[in-house]
Every structure is written in C-alpha cells, then in structure tokens.
Amino acid sequence: MSENFANLGLRNWTCSVDAQGIAWLSLDVVNSSVNRLSAPVLQELDRALDFFYAAPPVALIIRSAKHNGFIAGADIDEFSSLDSPDKSESMVLRGWSVMERVAKLHCPTLALIHGHCLGGGLELALACRYRLLIEDSQPVLALPEVKLGIFPGWGGMMRLPQLIGAPKALDMMLTGRNIRAKQAKALGLVDALVPQRIAELAAAKHVLSHAKPRQARGLDAWLNRAPLKRLAEKQALKQVAKSDPYHHYPAPRAIVDIWANHGGNPLHAADTIHEITSSSTVHNLVRVFHLQERLKAFGKRTTKPPLQHVHVIGAGTMGGDIAALCASKGIRVTLQDQRREPIAKAQARAQRLFERRLREPRLVRQAMDRFIPDLQGHGITQADLVIEAIVENLEAKQALYAQIEPLLKPGAVLATNTSSLALSALSAKLLHPNRLVGIHFFNPVAVMPLIEVVHTPELDADVRDTAMAFCDQIGKLPLPVRDTPGFLVNAVLAPYMLEAMRCVDEGIQPETIDEAMLQFGMPMGPIELIDTVGLDIARDVGVQLTDADAMPACLAKHLEKQQLGRKTGQGFYTWKDGKADKQRPQTVPHHLALRLIAPLINRTQEQVHIGVVSDADLADAGVIFGTGFAPFTGGPLHYKDHMHQPLPNLEASPTV
Ligand code: NAI
C-alpha cells in the first residue's frame, strides 16, 4: 500500500503499513516547525482518506512526525481572510467534512498523541475511535478557539460533549484551558496514557482491540439529552454571563447555542458562523495572538542554555513572589533579605503557589527544595542572575550593588525590579554599568503575563537577551523598553488614574467610574485599581508621571486619614475579605469611558513617539498584557485608529 500511497504525491502526510496491516499515517507539515491544519494540509488529508476508503487498511493510526507535538490547530492566518459568508462557511465545511470522513472510516482509527494537541488537532483526534496519549511528552490538550473569538467548528462541539459529557466539555470549550496528561485520562478525553518507549506497541494493540469506543455515561450522558440538556445549557450560560457580563465576546454564547440547539454542528447555524468570523473581535484577538507571539520571540533570541540558579535580594511582596515563581519553573533560587521574617513569609506563600500550580506532592516537595532561604547571601557568588528587589530607594540600591558587584561570578547578570528609578542613575557607580538590566515584574507576579525588560544605551546586548530568555524560561512575555520614567505600563496608567480621581473630585461616584470602564472591557475599574495598588503608591506615581499641579482633593483627603486602600481596609471603597464593597450604579454617563481612556491612549502614543518601545504594535502588546486593556479592542492605539468617534479633548473641557 505504501507505494500506492506515495503515488498520491502528498507533501505533508506519509504513510507506511506494518506487518499486521495497520496503516501509520504521519503528519509532518513542510517548512514549519509545528503541524497546522491549513487548507492544503486538510485537502491532502482528504485525498489520503479517498485512498483509505478505496482500500481500507486493517486499522489506521494517525500521528505526528514533529518532535514537539501532534497538531497545534488550524492555520490562524486563514481567519483573517474570511471576509464573506461564503468563505467562512467553506472554511468550517472543509474541516467538518474531513473529520466526518475520518469518523466514518470502515476500519478502527486511533490518534497517537504527543506534546501539543490543540484546536483542530484535538478535533481530528476526537474523530478517531481511540486516543492514546504519550505521557512523558509533556502533552497539552485544549480547544482554545474561544481565545481567538471563534468556536471549535470541525466537530469539537459535537464530539467532545458526547465523549466526556456536556458540563466538562462546555467548560473546556468556554475557557479554552489546557488539559495535561493525568486530567485528560481522568476526564475520559483519552483511552490511556502510555510511556514513549512502548507507545507504538500499545497503539497497535489498542487499535486492534475491538474495545468499545468511550462515551459519556450516567449523568454526563443524560445531560447531553433533553430534558436535562436544558439544565446544562442554563448552567453554561450562567458561566458565560459571569466571565463576560457585558457581551464583549460573542463566541462563548455561540458555542452554547450551537451545542444546545444545533447538535454541535455550526453548519446548521450559518448566520452565526458569519457573524462570529466577520466580527472585529476575531480580527483583534488574532492580532493579540500575533502580538503575543512577537513578545515570545524576544525570549528566544539567545541560544544560551537556560539559567540554573537565580539569586533574589529583597524578600518582600515582589522579591518573595519572584523567587517562588522561579522555583516553580525548575530554577534553583536563593532568597536573601536583611531580615528573617520576610523570607519566612515568602516561603509560606511559595508553598501555597506550588500546591496550586504543581498539585502533585512530589513536585511541590522538589520545588520547595529548590527554594533556598539565604539570609547571608551565599548564593550571590553562584548565581547566573541576581535580581534586586529591595526598597525603592536609590541610595539603598546603589549601596547594595557596591557590596555585591565584586562577588558576582563572571558573566552573571545583575537585574533590578525597580518600578520608578532610572537605570542610568542606579548603574552610575557600577564597575560594569553595561551589565545592569531592568526586569520589571508586575504585581501579582504569578498572574501578570508581562515583564518590562528595561535597557539603557550602554546595556550589553547579550545581557538584555539573557534577561529576555529568562522571562521566557519562567513563562512570561518580555517587552523591551527604554529607560524612561514609568517605562511603558506605569507611564500610561498614571494619567488614566489621575483622570479617574478628577472625576471623583467632580462628584462622580467611584462605582460609576469603575462601571464605565468595566463596560468598556477593562478587567478592573481605575478607582478599584488605585485602592488595590495603594493610595500612597498612586500619589508617588502621580507626582513622578503626570504633569498635575496638585494632587486630586479626593486622594489628599484619604491620605490624610491614612486610608491607603485595600491594605488598610479603607480607601475609596471599604474592603471586606479582600473585596471592595460596592453598589452597582443604575446608569453610567455617556462618554465617561472615553473621557477616562483618552489620557491612557494619548500617553501610549507619546511613549511610542519618544521611543520607549520601538513601535505602536509593541505598545499595544505591552498595555494589553501589562494592564489587561480590553484585548478584543486590539490594544489602545489600534482601538484609537479604528474607533468611530474622536477621543474627547481633555485640555479643552473635561466634562461628561
Ligand atoms: P517590600 O517593601 O515589600 O520589600 C522589600 C524587601 O527588601 C523588604 O523585605 C526589606 O527587608 C528588604 N530589604 C531592604 N533593603 C535590603 C537590603 N539592603 N538587603 C536585603 N534586603 C533588603 O517592597 P516591594 O513592594 O517588594 O518592592 C521591591 C521592589 O520592587 C521596589 O524596587 C519596587 O519599586 C519594585 N516593584 C514593586 C511593585 C509592587 O507592586 N509592590 C511592582 C513592581 C516593582
């Protein structure tokens, strides 16, 4: 059979038949580091299926020849060209019918999965009768379409609920979250986990086993059918309402509707297909995906091996959490402070992070072993990277550098987490000012995806690249920024927070201000943000980063009473159990959101003009990943260029 298959002239798929008559169909997309199901790759699969329909093998096993994984999904760039209902429908139809043909083959089929198995890749695996997962290949399974504003339209919405039950399937499709090996097995997403060394043997055995294909059972099966189906639908819509109360993202509701009312077949909801694929949300989320890839690429510029040992000085809010994150990512960390107490507290927080993130007791123990309290600072001489995260004070930081610089091992990088001090000033007294780089984390460290990598003109390019590779190593997105006050993110937040406080001074309720920005799509309103970072910090930031002549009266009033926000239990809001006590306002003035966002957008533009980042796209990326700026807008500058009304001129008359 292999000779005949070879005559098909396929470029991306190869096939061989073993002694038992099993056909092994292997995907290796040419000129690409990962497998993607682009239109040509799907067309070739269709031709391969013609072949298997004409001459069915004993069984068919589908796998990937790429080292890094099975299939990473559809070709995202194809979404950008969906500018007509016909094109959108034919893209869905193309994948849908190929998967249907896989599902209806006359021989047993099995997907042998390693590494990533995402989107269309998982839909292909779902169309097979069986799925085996190679557990020692760090597998990640997901239907992440929702993150791009679309739905799993190639059979996922039909087959996943049938396999694992509607509640779990809808949860996977509505969040797009990653599923790892053990969970995939527990969910019933795969039939078995197998180690690499016996994977082929196990796959051959399983595909010939005549085992009954898996299916949701018990309550899970009932929830796929009327009348209980309505219950699952209601529950899912509740989840959607909670995560997207302002209907910024159409895809999640479409997923629930297509599953509940069209049997998971989007072709029965043609209007929805076009509505979704032509929406600006999809275009903007695809843009954000590419921006994210661009940031990730900064972390891959160096071919140096990953860092083995990081030494963190200052075990406070930031240093303690930076150390914990590093240890959770497999790096040996020594954590130094002047005092024992913050180190002990950081250790306790680290333990909680490891338990949350790593779950397995063995992995938690290993991470705790990598997290080494180091009151004396013995780690300095061993570390590949030393991160300083002590108090925000120029003299204190300079004094520390004078002590530690002679102790650094050759080639070690010295980094500061400063949020407001100029690197040029910090490095002024160093013997080697070209080795000090800013690695500016955001709070909370474990959650915020961005790190600003701050460079001075004298910074060694190699040091900068090492810093960016470190960000990649710990799963963060590096953004290179120039050494200017507030870098990018704090500089753009400062005038936004100031404008919000000016609104309070004018008599607008904090709740109304926050609600306006939540409706706009921000993850948190500016007043709640000020309460969260602390009113004292907001004051310092305001003094440094805005041209306001005087502090807003509302801020001065709270500061006078020592009401610093969340940390003191009272700021603009009263805080109870870590939550601001607020009433949702009845109405929000028209244009309030635009008034509030205008200073942020204008400052972002200024930061591009003065070269803090090298272009507008990077500024958008930084503001989205550093502040949570509504991703469906494509970023502040993209939003400004595509909005249909001008931003208010605040200098002229700041009224709403
Ligand atoms: P923090 O006050 O919570 O912790 C500072 C720690 O440094 C304290 O535990 C203190 O004992 C220790 N320390 C002071 N001098 C020391 C020395 N010479 N040697 C060893 N340990 C020393 O401060 P936080 O908030 O963690 O900030 C640290 C740095 O991170 C600052 O530069 C700040 O600007 C920056 N940053 C803070 C953010 C935040 O949200 N808190 C966000 C981003 C950056």
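Reply: Rings of Phe, Tyr and Trp (its six-membered ring) pair if their centres lie within 6.5 Å; planes under 30 degrees apart count as stacked, over 60 as edge-to-face and the rest as tilted. By this rule there are 6 aromatic pairs. One of them joins Phe-5 and Phe-51 edge-to-face, at 5.5 Å centre to centre and 90 degrees between the planes.

Me: What parts does that pair tie together?
Reply: Phe-5 is in helix α1 (residues 2–6) and Phe-51 is in helix α2 (residues 39–54), so the pair ties together parts that are 46 residues apart in sequence. Helices here are DSSP runs of H or I with at least four residues, strands are runs of E with at least two, and both are numbered from the N terminus.

Me: Is Phe-5 buried or exposed?
Reply: Phe-5 counts as buried, at 3% relative accessibility. Buried means under 20% relative accessible area, exposed means over 50%, and partly exposed is in between (1.4 Å probe, protein chains only). Phe-51 is also buried, at 13%.
Reply: Phe-5 and Phe-52 form an aromatic pair too, and this one is stacked, with 5.9 Å centre to centre and 25 degrees between the planes. That pair links distant parts of the chain, 47 residues apart, with Phe-5 in helix α1 and Phe-52 in helix α2. Phe-52 is buried, with a relative accessible area of 0%. Phe-5, Phe-51 and Phe-52 form one aromatic cluster.

Me: Before going on, where does the model come from, and how are residues numbered?
Reply: This is a predicted model, in which local features need pLDDT of at least 70 and side-chain atom pairs count only at pLDDT 80 or more, while totals for chains, interfaces and linings use all residues. Residues are numbered from 1 along each chain as its sequence is written, and side-chain values use heavy atoms, with hydrogens and water left out.

Me: OK. Which charged end sits over the ring of Trp-259?
Reply: That of Lys-229, 5.1 Å from the ring centre. Arg-225 lies over the face of Trp-222, at 5.4 Å from the ring centre. A charge sits over a ring if NZ of Lys or CZ of Arg is within 6 Å of the ring centre and within 35 degrees of the ring normal.

Me: Switching to the ligand. Which residues come nearest?
Reply: Met-318, Asp-337, Glu-392, Lys-397 and Ser-419 come nearest, out of 20 residues around the ligand. A residue is near a molecule or strand if one of its heavy atoms lies within 4 Å of it.

Me: How far is the polar side-chain atom of Glu-392 from an oxygen atom of the ligand?
Reply: 2.5 Å. For Lys-397, an N or O atom in the side chain is 2.7 Å from a ligand oxygen atom. A polar side-chain atom of Asn-417 lies 2.9 Å from an oxygen atom of the ligand. The ligand has 820 Å² of accessible area on its own, and the protein covers 79% of it. Accessible areas come from the Shrake-Rupley method with a 1.4 Å probe; for residues, only the protein chains shown count as cover.

Me: What about Gly-565, buried or exposed?
Reply: Gly-565 is buried, with a relative accessible area of 0%. Gly-565 is found in the loop between α24 and β18.

Conventions
Polar contact = N/O pair within 3.5 Å; in protein donor to acceptor, adjacent residues only side chain to side chain.
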